[in-house]
Amino acid sequence: MAMKTPPLIHPLDKHLRLDRVPTMYCPGCGIGIALGAMFRALDRRFNEGLLDPNRIVWVGGIGCSARATLYVNYDAAHVLHGRAIPFALGVILANPNLQVIVIGGDGDIAGIGGNHLIHAAKRNIDMIVVMITNFVYAMTGGQVAPTTPVGVKTTTTPYGNPEPPINVVKVVTSLNANYVARASVTTPHYIESFFYKALGMKGFRFIEIVSTCPEVYGRHIGLRDPVDMYNELKKRVKYKQKPSIEESDISWDTGIVIGEFLERNNPSYLELLTGVRGK
Amino acid sequence: MVFNLSALEEPYALISREHGKFRVCIIVNRCKECGLCIAVCPTKVLVKSSVINAYGYHPPEPANIEKCIGCRLCEYNCPDFAIFVERVG
Amino acid sequence: MRKTFAPGNVAIAEGAITAGLKFYAGYPITPSSEIMEYLAERLPRLGGVVIQMEDEIASINAIIGASWAGAKSMTATSGPGFSLMAEAIGLAVITETPIVVVNVMRAGPSTGVPTKTSQSDVLQARWLAHGDYIVPCYAPWSVQEAYDLTIKAFNTAELLRTPVVILSDAVIAHLWEPLVIRDEKEVTIINRKVPKEGEKALPYKPDPDLIPPMPIFGRGFKAIAESLTHDERGYYAPRDDSYRALVLRLHMKIFKRLDQVFDYESYYCGEDCDYMLLSYGSVARIAYLAMLELRKRGHRVCMLRLKTLWPLDEEKLVKSCSARRIIVLENNMGKIYMDAERIFRDREVYPAPLLSLELPSLRDVLEVINTWL
Ligand SMILES: Cc1ncc(C[n+]2csc(CCOP(=O)(O)OP(=O)(O)O)c2C)c(N)n1
Ligand code: SF4
Ligand code: SF4
Ligand code: SF4
């Protein structure tokens, strides 16, 4: 069958590899909402003339979230589970004129890739890391994830998860990152504005996006319907201006605080590298 | 609104309705019938249509278009880039 | 051209610089660390970057990323780190990324003897990652050759869009010998094919040489580096036709250029010999002395030394010598021996496993050879 270039219809179509749409995501999966919000932030930066679409590189590991890299109409790498951050580090150090965006699930970024996350933040490497937290290993069918709440029954914790989750925002904030924020797919405008801000900064920028996985996590917690899951998450999400790290723990019972936890302008790795070399 | 069913045959069929200020468009064959747009619309513009798309899903239709306030929440919350809102005139 | 006196690790670093190295990521491990330390001092002054990563997994993934951003990249390690790199070797293979990975072999298994030599990783170089693939592998026997083969490794990587392994060992790493460092213009340097600016090429559609031009990031190609089995667009393709096309091409593109990849040296092989010694790397130095000694004693013996361990040019090897008996000398339990036995199937092939933490002495080598004479 001869491939025609699909016409641009939706205002975000130019960001998409349209021949791969519809995506493989399940109906109502939050990842697409997050991606759309990020595209709108990119559009704003493009319109300001501050960013060149040809200099953007998306990097993802493996997982439903990382698979977003298959759909973006940019330079993109879909690499190994957990290794998106070191791959992205190589890209940015080899060509500092690029803007590197890492996207992945909490298993990819904070589980198997946790040590890379820590070290990239410690080094204040010039990259944006977007971690989609859906509380489960979705792609592999519903095993426990680093962010799964205590007590939740998953396919590998059939008696309930005995482990308290990692608060990844807290971990990254304790390091040398320049920006740490959390949004939710129920607040796409905050995803957009945090990502917009991150695009204008240097150094290591980390955005956690709390997401919905109605297909797998929804099954675990009895919220199989995308709208139910969305509404239950929305009920719990509270935006705060300048929230403190103390209130950053994610709790399905007491609520999920979103907002900008950290914003500063420490010298980035690239800045320090050129500084040292200049001497 | 006149909806041409034969348009469904082609991959980029649109359901589209407008009033004086806004037009709401649904790209029929991208919709996965998740219902999020219908749920987030503050003025209940959208309802599930009886149309069945190429993947067997029922996309929404802006049945109560006259109530649309152009907030774009449907567009921002659609995970599949299937619905968008345009300003008319 | 510059004449100096240097150890093998420095020769590898210098070879990489001559070849155009721009990005090095690594993690310290004996006996390879001096490569990173030397480059950390030299490379930044030449406009390159050296970074010590959090582990070897990060190191190899970083150099793959850097290569997609257009930089010639390398990492160096030893056995334990090489084991950690397994998965990413496969990533470099399937994304067709030119990188050079140096494994300065030490005795294993596991932590083994960090400071002492071995040749026991030659099958790891061949089979490290899961899946079907082949990665070219070079084994130098001297400081000068460590330099020369490093340049060749980069050229092969760039020409064939493939990872390339250099297998050095603790002996070559710390052996000081005269070294001629050449200027860039005195050697052939190969750079990867890149699509023309603005060209919307399919990222994995090969030219007639089976190599697709590499769409470097940042130049508007909308490139795709895909770890999934993919078609010519770089799109996931879990179908027999695409899977076969990809895996076959990944093999064929290497074998098609055996002339470029495979290299060896032979000594007295043209003569009518009874025995041939087959050896490589540091152990070949002693094998060579043993051959001279045996000839002095009147034995009709010759020697073949592999510079390329993988892939082997089986036809060339068979034709290289007519000796009926072949003794494979290597510092392991007998690994190249397994292939030699298959390749020279109509001859008598004997293993001469050495398992020696130091470069074996001439006496030791003569002793094992003697058991077969
Ligand atoms: C080295 C390795 N181990 C395991 C896997 C299998 N695997 C694929 S995705 C995944 C986890 C996905 O979870 P997450 O990163 O949270 O992403 P999600 O699918 O939830 O978006 C695993 C374990 C793999 N691909 N590679
Ligand atoms: S399994 Fe969950 S995370 Fe993956 S596509 Fe489906 S809904 Fe999304
Ligand atoms: S723009 Fe707002 S009011 Fe109009 S249909 Fe969409 S959600 Fe409803
Ligand atoms: S949100 Fe999008 S995919 Fe879901 S029902 Fe509405 S148009 Fe369809």
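Visitor: Which residues of strand 1 of chain B lie on the covered face, and which on the uncovered one?

Guide: Start with the general idea: in a regular strand, side chains alternate between the two faces of the sheet. In this predicted model, strand 1 (residues 14–18) of chain B has B:Ile15 and B:Arg17 on its covered face, while B:Leu14, B:Ser16 and B:Glu18 make up the uncovered one. Strands here are DSSP runs of E with at least two residues, helices are runs of H or I with at least four residues, and both are numbered from the N terminus.

Visitor: How many bridges join strand 1 of chain B to strand 2?

Guide: Two strands pair if DSSP finds at least two bridges between them. Here 5 bridges link strand 1 to strand 2 (residues 22–27) of chain B, and the two run antiparallel. They form a hairpin with 3 residues between them, and B:Glu18 stands opposite B:Arg23 in strand 2 of chain B.

Visitor: Is C:Ser242 buried or exposed?

Guide: Buried means under 20% relative accessible area, exposed over 50%, and partly exposed in between (1.4 Å probe, protein chains only). C:Ser242 has 9% relative accessibility, so this residue counts as buried. C:Ser242 is found in helix 9 (residues 240–255) of chain C. C:Ser242 and C:His230 are 12 residues apart in sequence, yet 6.8 Å apart in space, C-alpha to C-alpha.

Visitor: How many residues of helix 2 of chain A are buried?

Guide: Helix 2 (residues 84–94) of chain A is mostly covered, with 10 of its 11 residues buried. Among them are A:Phe87, A:Leu89 and A:Ile92.

Visitor: Why is the site of ligand 1 shared between chains?

Guide: A residue is near a molecule if one of its heavy atoms lies within 4 Å of it. The site is shared because residues from chains A and C surround ligand 1. The shell holds 17 residues, and the closest include A:Cys64 and A:Gly107. A polar side-chain atom of A:Ser65 lies 2.6 Å from an oxygen atom of ligand 1, and a backbone N or O atom of A:Asp108 lies 2.7 Å from an oxygen atom of ligand 1.

Terms used:
Residues are numbered from 1 along each chain as its sequence is written. Chains are lettered from A and ligands numbered from 1 in the order in which they are written. This is a predicted model: local features need pLDDT of at least 70, side-chain atom pairs count only at pLDDT 80 or more; totals for chains, interfaces and linings use all residues. Side-chain values use heavy atoms; hydrogens and water are left out. A polar contact is a pair of N or O atoms within 3.5 Å; within protein, one must be able to donate a hydrogen and the other to accept it, and residues adjacent in sequence count only if both atoms are side-chain atoms.
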